[in-house]
Amino acid sequence: MTTPDESTIALPAEVLTAVQGARRVLVLTGAGMSAESGVPTFRDAQSGLWEHFDPSQLATQEAWGEDPPFVWAWYAWRMQLVRDVDPNAGHRALADLAALREVMIVTQNVDDLHERAGSSVTAHVHGRLGELRCADCGAPYTAEVSLPVEPMERIDPPTCPECEGDVRPGVVWFGEMLPDAAVAATDAAIDTLEPGDVALVVGTSGVVYPAAGYPAMARAEGATVIEINPTETEISDMCDHHVRGPAAEVLPALVAGLTG
Ligand code: OAD
C-alpha cells in the first residue's frame with residue numbers, strides 16, 4: 001500500500017466519513033492529477049518554443065489543417081515528456097483504493113499515468129496521446145514513432161501506410177466529439193452510483209464540457225461530490241466538500257485514513 005506522506009494534509013472528517021461509507025467511488029481526474037509527475041497543466045503558462053501559443057489553439061482541427069508539422073511537434077514533445085515521467089503518489093493511491101472500494105476512473109488526461117500506477121481506467125474522455133491514427137482515413141497507426149530529445153518547432157508527422165495521409169495523435173481536439181465508447185462508459189459508470197457513493201473530482205478546472213458536467217451528473221445520482229484541488233474552480237460551488245491540497249498528498253492521506 002502507499003505510504004502516506006507524513007505531512008500536513010488535514011482531511012476534513014466528513015470527507016473520510018463519506019468515502020468510508022461509499023461502496024463505489026467515481027474518480028474524475030484532470031491535468032492537476034499529473035502535475036506532480038511533471039506534466040504541465042493546460043492552463044499553466046507554456047514554456048519554451050510554445051510560450052506564445054495557447055494550448056487551446058494548438059489543440060484544434062484548424063491548427064492541424066494549417067500546419068501539421070507544428071502541431072505534431074508539440075504533441076511529439078508531450079509524448080516524450082509523458083514517457084519520461086512516472087506516476088505520482090496520487091496515482092498510486094488510487095490504484096490502492098481499488099482494493100478497498102469499487103473504483104471507476106474517468107479521466108480527461110491523455111497520458112497513461114493511471115494505468116502505469118496499476119489502475120484500470122473506465123474512460124479517457126479526451127482520448128490518449130499514444131493511440132495514433134491517420135487524420136485522413138482513421139486507420140490506427142501502431143509503428144514506433146521517433147520522439148525528439150529537445151523541443152523542435154516542426155516535425156513531419158508519420159505517414160499512414162494505408163493512404164499516405166498524415167498521422168495524428170489520438171486526442172480529442174476542441175470542437176471535436178468525444179469518443180463514443182468513452183462517453184458510453186462514463187454514462188454507465190455514473191449510472192451505477194447510488195446515494196452514499198462518492199465522486200472525487202481531482203485536479204480539473206471544470207471549464208471544458210461535457211467533462212465539467214460529470215460531477216453534477218454524479219451528484220444527481222445521489223453521490224457525495226468531493227473536490228481535491230489546491231484552488232477554487234468553476235465547479236467548486238456544486239461540490240459537497242473541498243480538500244484544498246495537491247493530489248499527490250491528499251489521495252495518499254485519504255487511502256491511509258481508510259486503512260488506518
Ligand atoms: P486545467 O489545466 O484546466 O486545470 C488544472 C487544474 O488542476 C486547476 O484547477 C489547478 O488548480 C489544478 N491543480 C494544479 N496542480 C494540482 C495538483 N498538484 N493537485 C490537484 N490539482 C491541481 O486542466 P483540465 O481541467 O484537466 O482538453 O483541462 C480540461 C481540458 O482542457 C483538458 O483535458 C484539455 C484542455 O484543453 C482537451 O484537450 C480537449
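These legends describe an overview and several close-up views of a predicted model.

Residues are numbered from 1 along each chain as its sequence is written. Local features need pLDDT of at least 70 and side-chain atom pairs count only at pLDDT 80 or more, while totals for chains, interfaces and linings use all residues; side-chain values use heavy atoms, with hydrogens and water left out.

View 1. Helices (H or I, at least four residues) and strands (E, at least two) are DSSP runs, numbered from the N terminus. Along its principal axes, the C-alpha trace spans about 55 × 35 × 30 Å. Of the 260 residues, 53% count as buried. Buried means under 20% relative accessible area, exposed over 50%, and partly exposed in between (1.4 Å probe, protein chains only). Take the contacts (heavy atoms within 4.5 Å) between residues at least 6 apart in sequence: 74% join residues at least 24 apart.

**View 2. Helix 10, residues 247-259, and its cover.** At 1.5 Å a residue, the 13 residues of helix 10 should span 18 Å, and the end C-alpha atoms are 18 Å apart, which agrees. The expected span is 1.5 Å times one less than the number of residues. Buried residues of helix 10 include Val250, Leu251, Leu254, Val255 and Leu258. An α-helix has 3.6 residues a turn, so residues three or four places apart point the same way. The cover over the buried residues of helix 10 includes helix 1 (13-21), helix 2 (32-35) and helix 6 (89-97). Strands 6 (198-202), 7 (224-228) and 8 (241-243) are also included.

**View 3. Helix 6, largely enclosed by the rest of the structure.** Eight of the nine residues of helix 6 are buried. Among them are His91, Leu94, Asp96 and Leu97. The buried residues of helix 6 pack against strand 1 (24-29), helix 2, strand 2 (102-107), helix 7 (113-117) and helix 10.

**View 4. Gln80 in helix 5, residues 68-83.** Gln80 is buried, with a relative accessible area of 8%. Not counting residues up to four places away in sequence, Gln80 touches Leu147 and Pro148. The C-alpha atoms of Gln80 and Glu150 are separated by 9.5 Å. Along the chain, these two residues are 70 residues apart.

**View 5. Gln61 in helix 4, residues 61-66.** Gln61 is partly exposed, at 38% relative accessible area. Leaving aside neighbours within four places in sequence, Gln61 is in contact with Arg168, Trp173 and Glu176. Gln61 and Trp173 are 112 residues apart along the chain, yet their C-alpha atoms are separated by 6.7 Å.

**View 6. Backbone details at Pro210 and Glu164.** Most residues other than glycine have a negative phi, and most peptide bonds are trans. A cis peptide bond joins Tyr209 and Pro210, with omega about 10°. Pro210 is found in the loop between strand 6 and helix 9 (214-220). Glu164 has a positive phi, near 65°. The loop holding Glu164 runs between strand 4 (127-134) and strand 5 (167-171). Glu164 is exposed, with a relative accessible area of 68%.
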